[in-house]
2 protein chains.
Amino acid sequence: MSEYRAPLKDMQFLLHEVFQVEHLWSQLPELAELIDKDTANAILEEGAKLTTEVIAPLNRNSDEQGAVWKNGEVTTPDGFKKAYQLYCDGGWGSLSGDADFGGMGMPKMLQAAFEEMTQSASISFALYPMLTAGACLALAAHASTAMKTTYLENMYSGIWSGTMCLTEPHSGSDLGIMTSKAEENNDGSFSVSGTKIFITGGEHDLTENIIHLVLAKIPGAPVGPRGISMFVVPKFLVNSDGSLGERNTVTCGSIEHKMGIKGSATSVMNFDGAKGFLVGEQNKGLNYMFTMMNYERLGMGIQGIGATEVSYQQAVAYAHDRLQGRSATGAQNSDKAADPLIVHPDVRRMLLTMRSLNEAGRCFSTYVAKQLDLVKYSDNVEEKTKAEHLVALLTPVAKAFLTDMSYDNCGLGQMVFGGHGYVREWGQEQLIRDVRIAQIYEGTNGIQSLDLLGRKVVASKGQLFGVYQKEISQFIETHQANEALSAFIKPLQLSLTKLTELTETLLSNTQQDKNLVGASATDYLAVFGYVSYAYMWAMMAEKSLAKTEQDDFYQAKLYVGQFYLQRILPRIDSHIQAIAAGSEPLMAMPADLFIGP
Amino acid sequence: MSEYRAPLKDMQFLLHEVFQVEHLWSQLPELAELIDKDTANAILEEGAKLTTEVIAPLNRNSDEQGAVWKNGEVTTPDGFKKAYQLYCDGGWGSLSGDADFGGMGMPKMLQAAFEEMTQSASISFALYPMLTAGACLALAAHASTAMKTTYLENMYSGIWSGTMCLTEPHSGSDLGIMTSKAEENNDGSFSVSGTKIFITGGEHDLTENIIHLVLAKIPGAPVGPRGISMFVVPKFLVNSDGSLGERNTVTCGSIEHKMGIKGSATSVMNFDGAKGFLVGEQNKGLNYMFTMMNYERLGMGIQGIGATEVSYQQAVAYAHDRLQGRSATGAQNSDKAADPLIVHPDVRRMLLTMRSLNEAGRCFSTYVAKQLDLVKYSDNVEEKTKAEHLVALLTPVAKAFLTDMSYDNCGLGQMVFGGHGYVREWGQEQLIRDVRIAQIYEGTNGIQSLDLLGRKVVASKGQLFGVYQKEISQFIETHQANEALSAFIKPLQLSLTKLTELTETLLSNTQQDKNLVGASATDYLAVFGYVSYAYMWAMMAEKSLAKTEQDDFYQAKLYVGQFYLQRILPRIDSHIQAIAAGSEPLMAMPADLFIGP
């Protein structure tokens with residue numbers, strides 16, 4: 001397995017040239033003094049060292065060895081403990097944490113770049129701090145000051161970790177039917193009972209304490225999702241002086257044996273009257289959890305980018321090294337028995353597909369991170385509101401589209417290796433197995449697509465979509481006269497028109513056909529994603545055009561972007577046609593006929 | 001993991017109703033006396049018993065346990081030996097073997113159905129007899145009578161197995177650069193030396209002897225693929241009385257650790273002056289191997305169908321059992337906390353995608369098997385020639401399109417299970433890992449697409465395509481007046497026109513752009529596959545229309561077929577657009593710019 005190199009140059013291009021963060025940050029009071037271009041670059045370079053030199057080398061073994069459960073305890077793979085210590089020592093757990101409680105308060109745009117490197121290095125490893133960061137976010141947003149004081153600092157520092165306990169054996173996508181119970185004690189604490197499954201990092205040996213955020217129902221609460229509350233249930237109770245107290249009655253019953261992310265402990269957690277503390281108000285747990293989920297969902301998209309980056313780097317190296325066949329236009333390497341794979345158009349198709357989707361994906365996740373930063377830091381109401389709308393609209397796209405593309409991309413990377421890609425030692429097949437989960441957890445991509453089309457587009461009567469559509473239209477208008485950019489602007493304009501028409505058609509038809517949202521959602525999200533990537537490519541091209549003489553990097557951007565627009569973007573037409581067929585072809589067949597002959 | 005049920009009803013529908021084998025076989029002299037409808041059905045039912053009751057239960061453990069190499073010996077997973085014995089006792093290894101040498105001489109159409117069941121039961125297990133069957137085919141077609149007498153009977157009976165030794169560490173898709181050598185001995189035998197990798201069943205504990213078919217170069221032979229000869233290299237030399245003699249100098253150096261098919265021993269074979277016997281003439285080895293490869297390639301497609309069938313059966317059962325969420329049109333299951341997954345349009349989309357592609361795939365593989373039977377058994381020159389053309393044209397499609405669809409389908413099956421699909425015990429993730437190899441081995445699907453477009457369509461100047469196009473056109477013409485069938489005929493006609501135009505455009509442009517074949521091949525094969533499936537659905541619908549009152553089975557065919565035409569077939573338009581962009585977007589970027597920033 002070849003080494004991972006952090007794509008710092010592309011990350012810096014996005015931050016400094018495409019999104020011009022120095023200007024952006026200088027406008028945001030909390031960031032203006034905190035960070036500038038040099039600091040950002042220095043942080044990324046340090047992040048690159050940690051992830052490439054310390055974490056990445058552990059990844060292959062972590063798959064072979066896996067996390068191991070024994071008598072309720074979980075041992076993480078060799079090296080994870082030491083790497084985690086270095087991660088914490090470097091302050092990486094606090095990077096974007098709340099500055100009032102020990103965090104560094106750095107913007108999400110920077111955090112996102114560092115997260116990508118961590119995911120590239122090892123998805124199994126990255127999940128441990130990722131869940132902690134998400135739990136911190138939920139607490140920072142919704143917990144009382146006392147609770148934040150008790151937990152946040154140790155979680156930012158990484159001495160303690162966090163989890164998110166939602167799923168139950170019979171309750172996954174449908175959280176409203178969960179049965180975990182929380183009964184109030186005399187002292188205002190709660191006794192939490194129930195079984196939670198698929199809990200990432202539910203038990204492990206990396207930290208002194210594990211802070212579980214648990215969803216459960218208080219007896220008498222409303223039926224369904226509106227009756228769910230959130231509780232902090234620490235593995236070890238915390239004394240009033242902050243020291244660790246009694247072991248709580250929460251135990252890890254087992255860990256799952258999975259397709260991938262074998263170094264990540266996916267735990268069955270049994271809460272047996274465990275002592276818990278209500279976060280915020282009763283019955284608002286699901287809303288609170290969404291604070292965390294939205295964070296995690298962008299993180300899943302970033303996980304996808306990280307995996308594809310590694311797959312691409314390895315595949316491209318192999319395509320240059322491996323000699324097989326001859327170029328159709330005559331030998332390129334006539335002193336050797338064969339030409340390198342890179343001469344073959346079909347190999348280039350696979351590599352360019354991976355790269356054009358992944359560079360657009362990185363741009364898109366940075367764009368969404370920018371919106372998150374504006375929501376958090378902007379004091380301009382209009383700007384903040386627009387950013388809130390974009391976050392709501394784009395989060396399901398960032399989660400589902402990026403991970404769908406990444407799974408396919410890692411498949412292409414494996415295919416470049418042929419049979420060698422199927423053999424474990426090369427690492428390509430592990431990327432597929434690891435990144436596959438990103439399409440499934442934190443709400444399956446099917447659920448994301450329903451969120452996008454149902455809850456975001458249709459429920460807002462197109463308002464959220466309008467915000468995005470308007471921004472892209474303005475970009476097009478601004479650059480319409482730029483002849484040099486027209487090969488990017490024209491396809492963007494055409495595809496945006498198609499997406500807008502599709503959206504309008506769906507908005508007017510969903511009333512009379514209740515199944516139309518469900519029948520269209522997955523294809524709609526794909527169209528939305530591809531058009532968004534066309535927007536990303538147009539933005540990147542606009543910043544690259546003038547600099548092609550200066551650096552091949554910019555020339556490559558134009559080549560890869562053109563490949564995207566000409567060979568990938570046409571995929572939207574098939575999705576649009578599939579949607580146009582309506583829900584009838586899906587709903588007509590009686591359920592019992594699905595059972596095959 | 002739920003049980004596998006053999007889809008006998010669908011198989012019988014294809015054989016007896018769609019392709020009317022009783023009539024077909026009665027016209028073919030060698031088959032007329034051998035087999036009729038009842039015999040065929042009895043064979044399939046026996047095959048179903050063996051595969052569902054004996055082989056399928058071994059599959060899950062075979063993945064966990066794997067084949068194990070120790071000191072050059074390979075132990076297959078628990079139960080494989082006993083199951084293999086029952087397989088041999090049932091005569092399954094000889095099913096379509098040459099009757100002059102101990103085979104049963106049954107048609108490929110029947111063999112294909114049995115093969116699918118074996119692949120559904122366990123791909124790892126199925127590979128052992130599959131490679132033997134392919135080796136037998138190459139020997140039956142090209143070896144001398146003496147050689148056939150020596151080897152075939154014991155291979156049909158399963159006492160001995162066979163392999164195909166092509167790939168070398170530096171020579172995979174490009175076999176012309178192989179370096180394995182075969183030097184002639186005084187007695188007319190050869191000394192074969194070299195290392196072969198990725199040899200399925202190269203070593204194992206199932207049989208008394210292993211007959212390797214090895215490609216190697218005789219010193220002085222022409223450079224490249226025209227200098228390759230084929231040799232029989234038995235693990236144990238065979239004495240003139242047929243008994244086993246000396247151990248040959250071929251050894252298994254190791255087996256690969258792979259993404260899937262862990263129960264199949266993928267071996268590194270070292271030939272160290274091993275005694276080998278030339279098959280047929282010198283330097284024709286690659287042609288001979290293609291006899292076997294073509295057989296294996298259809299077999300790979302069938303492997304894909306087998307995997308999807310299991311994934312679908314399990315996913316559909318889960319979609320009926322698992323209660324999650326409510327129907328968009330109101331509760332369907334109001335006495336329970338939630339409705340079954342099957343009420344959700346997006347779940348139906350996944351299931352119908354799997355089923356519509358897989359039933360078309362089964363029809364297509366039966367159709368290709370029919371052509372193989374006509375090539376073998378027909379004494380009508382015109383019919384035989386047409387069938388030869390169709391086999392040449394459709395083999396790469398059967399290999400690549402069926403396996404591409406199957407990998408995606410098994411992904412959908414896993415997704416229906418959500419997080420449970422990612423956990424090993426449910427078996428869904430194993431199907432993905434196992435079936436993935438089918439896209440890679442026996443010539444990657446990229447190689448298949450080059451074979452289709454380059455060697456079959458373009459090299460024949462469209463002649464082979466014309467044979468197929470004409471047949472479909474005739475079908476359309478025959479049924480044009482059938483109003484009830486028009487929902488099937490119209491989309492078929494429209495898509496065939498698009499495929500024909502695409503083919504003509506490519507035929508006229510490949511001369512001036514040498515990279516156009518490579519740049520278009522993968523997308524072309526996809527369009528070809530989807531249009532072929534539209535043809536299959538029209539054929540199946542035509543036989544189902546009149547019987548919908550008689551049996552739900554026929555009604556389901558119409559629903560599933562309509563889903564295919566309305567929601568899947570539109571995919572061709574995106575592929576056609578991608579091809580229309582030409583090779584420029586692929587070839588423009590200099591090779592060194594592929595290395596990322």
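Mentor: Keep in mind that this is a predicted model. Begin with helix H15 of chain A, residues 445–458, which holds both Asp451(A) and Arg455(A), placed 4 residues apart, or about one turn of the helix.

Trainee: What do the side chains of Asp451(A) and Arg455(A) form where they meet?

Mentor: They form a salt bridge, with an N to O distance of 3.1 Å. The search of the whole structure, taken over all chains, finds 54 salt bridges.

Trainee: How is a pair of packed helices described?

Mentor: In general, two packed helices are described by the angle between their axes together with the distance between those axes. Here, helix H4 of chain A (residues 37–55) packs with helix H6 of chain A (residues 80–89) at an angle of about 170 degrees, and their axes are 11 Å apart. Because angles over 145 degrees count as roughly antiparallel, H4(A) is roughly antiparallel to H6(A).

Trainee: Which residues of H4(A) and H6(A) meet?

Mentor: From H4(A) come Leu50(A), Val54(A) and Ile55(A), and they meet Ala83(A), Leu86(A) and Tyr87(A) of H6(A). The residues of this contact divide into 6 nonpolar, no polar and no charged.

Trainee: How much area is buried between chain A and chain B?

Mentor: The buried area is about 8500 Å², with 61% of it given by carbon and sulfur atoms, and 99 residues of chain A are in contact with 99 residues of chain B.

Trainee: How many salt bridges are found across the interface of chain A and chain B?

Mentor: The rule finds 2 salt bridges there, including the one between Arg567(B) and Asp523(A), whose closest N and O atoms are 3.1 Å apart. On the side of chain A that touches chain B, the residues divide into 47 nonpolar, 26 polar and 26 charged.

Notes: Residues are numbered from 1 along each chain as its sequence is written. Chains are lettered from A and ligands numbered from 1 in the order in which they are written. This is a predicted model: local features need pLDDT of at least 70, side-chain atom pairs count only at pLDDT 80 or more; totals for chains, interfaces and linings use all residues. Side-chain values use heavy atoms; hydrogens and water are left out. Contact means heavy atoms within 4.5 Å. Buried area is the accessible area (1.4 Å probe) that two parts lose on being put together, summed over both. A salt bridge is a side-chain nitrogen of Lys or Arg within 4 Å of a carboxyl oxygen of Asp or Glu. Ala, Val, Leu, Ile, Met, Phe, Trp, Tyr, Cys and Pro count as nonpolar, Asp, Glu, Lys and Arg as charged, and the others, Gly among them, as polar. Axes are lines fitted to C-alpha atoms, for helices over the stretch in contact, and angles run from 0 to 180 degrees between N-to-C directions. Helices (H or I, at least four residues) and strands (E, at least two) are DSSP runs, numbered from the N terminus. Angles under 35 degrees count as roughly parallel, over 145 as roughly antiparallel, 65 to 115 as roughly perpendicular and the rest as oblique.
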